[in-house]
Structure formats: C-alpha cells, structure tokens
Amino acid sequence: MSVFRFIWQNQRQVLELTLEHLWLVGLSTLLAALIGIPLGIVISHRPRLDKAVLASANIIQTIPSLALFGFLLPVPWLGERADRLAILALTLYALLPIIRNTYTGIRGVDPAVVEAGRGMGLTESQLLFQVELPLAVSVILSGVRVAVVISVGLATIAAAIGAGGLGEFIFRGLAMVDDRVILAGAIPAAILALGADLVLGWLERRLRAR
C-alpha cells in the first residue's frame, strides 16, 4: 500500500492532526510575535540592551527541543497539559528570528528619514508607527516567516510529550518501523512549511515593493 493510499484511507485522522499542528504553530507564532516585536523595538532604541536580549534568544535556540520539553515538564500548571508546554517551547524557539529581524529592520531605516520626521514635529511614538515600522515591516515579516517554518518542523517533536500534531504519525511509524506511517506525518508537515513559506514570502515581497 502506498503512502498516499494510506493517507486517503486515514484522511479524517490526518486532517485532525493537521489542524492540531496548525493550532500549535499558529498560537506559538502569535505569542512569539507579541513578545518578540516589542522586544526588537525596545533594543533597537536602547542599544545597551541588544546584546543581552539577542544572546538570551540565541541560547534558547541551542537547547535541543526534547531537552527543553524535559526541562519544562516539572513546571507547575504547564506540565499538567502537554499542549501548553509545547506552545511555550515553540514560542521560545520562534523568538530569535522575530526579535533579530525587528531589530535589524528598525536599525536599517535611513537616519535621514527619521531626522526629517523629527523636523516635521513628529513625536517618538509617531516616528515609530508612521515612519520606522512601515519601512521595516517587510524585514519583520521575514523574521515571522522564518519563525513559522521553524515551528512547523519543531511541532512534530511535540508529539513525543503527547501534544498531538502530525508528529503522532511520525513517532507511531518509528515504533512500528513503517515508512508509510512516518511519511503520512512528514509529507503534510512539509507541505505546511512550504505553503507558509510561499504565502509569507509573497506577502513580504509585496510589502517591500510598496
């Protein structure tokens, strides 16, 4: 039996696990953006903080995903539900590209444009929302794009702690030594990553052109 026939015969379960996967990735990326973009803005205006913040995000990236899940398991409230734990871990991994690209995008705005805004009487908050963020939005979106692709891949490992998602098929296939079951999880996950990359890449190019 081919892998595609297996997917067709188990299409309901594949759909359920795909939706679980999207939930984990979507919520964790949203949380990472809500944390990472403000952090990137802060360190772009306060350079003395940039090394500490970026170094902390870099350190999180170096921790193996299974090890991070293991570290977080004993944490009260989080360890009680696997999905909470997985979302926190994915959020932490998604922070670095979002913080770094927000910082890079705002620092890359032409200082002459900022000074022109100040000369027109814009306040610092007006400069941020009317000048810096609009000019940096494509770079920021590029960081979100990287974060989404990373999260789609890492979310498959979340199945190891019972958080669901397409990793359920991968771990089940490994236990059964069945390539069809492994690919039933790996192929939809790869399609999700490629689809997210294409859509966000298209949006990024549109915003850059504007």
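The model is predicted. Its pLDDT averages 88 across the protein. The largest pocket has a volume of about 230 Å³, and α6 gives the largest share of its lining.

**Confidence**
- At least 70 is the score of 97% of the residues.
- Helix α2 has the highest confidence, with a mean of 93.
- Confidence is lowest in helix α4, residues 65–72, where the mean is 79.
- Where pLDDT is low, predicted coordinates should not be read in detail.

**Helix α5**
- This helix runs over residues 82–107.
- Of its 26 residues, 20 are buried, so α5 is mostly covered.
- At 1.5 Å a residue, the 26 residues of α5 should span 38 Å. The end C-alpha atoms of α5 are 38 Å apart, which agrees.
- α5 has a kink of about 35° at L95.

**The largest pocket**
- Four helices each supply at least two lining residues: α2 (11–45), α5 (82–107), α6 (111–119) and α7 (124–155).
- From α6 come four residues of the lining.
- The residues that line the pocket include S44, H45, I106 and R107.
- P111, V114, E115 and R118 are also among the lining residues.
- Others in the lining include V109, E124, L127 and E132.
- By class, five lining residues are nonpolar, five are charged and two are polar.

Note on methods:
Residues are numbered from 1 along each chain as its sequence is written. This is a predicted model: local features need pLDDT of at least 70, side-chain atom pairs count only at pLDDT 80 or more; totals for chains, interfaces and linings use all residues. Side-chain values use heavy atoms; hydrogens and water are left out. On a 1 Å grid over the protein atoms alone, a cavity is a set of points where a 1.4 Å probe fits but cannot get out, and a pocket is an open set with protein on both sides within 12 Å along at least five of seven lines; lining residues have an atom within 4 Å of a point. Grid points are joined across faces, edges and corners, and a volume is the space filled by probe spheres set on the points. Ala, Val, Leu, Ile, Met, Phe, Trp, Tyr, Cys and Pro count as nonpolar, Asp, Glu, Lys and Arg as charged, and the others, Gly among them, as polar. The expected span of a helix is 1.5 Å times one less than its number of residues. The bend at a residue is the angle between axes fitted to the seven residues ending there and the seven starting there. Buried means under 20% relative accessible area, exposed over 50%, partly exposed in between (1.4 Å probe, protein chains only). pLDDT is the predictor's confidence in each residue, from 0 to 100.
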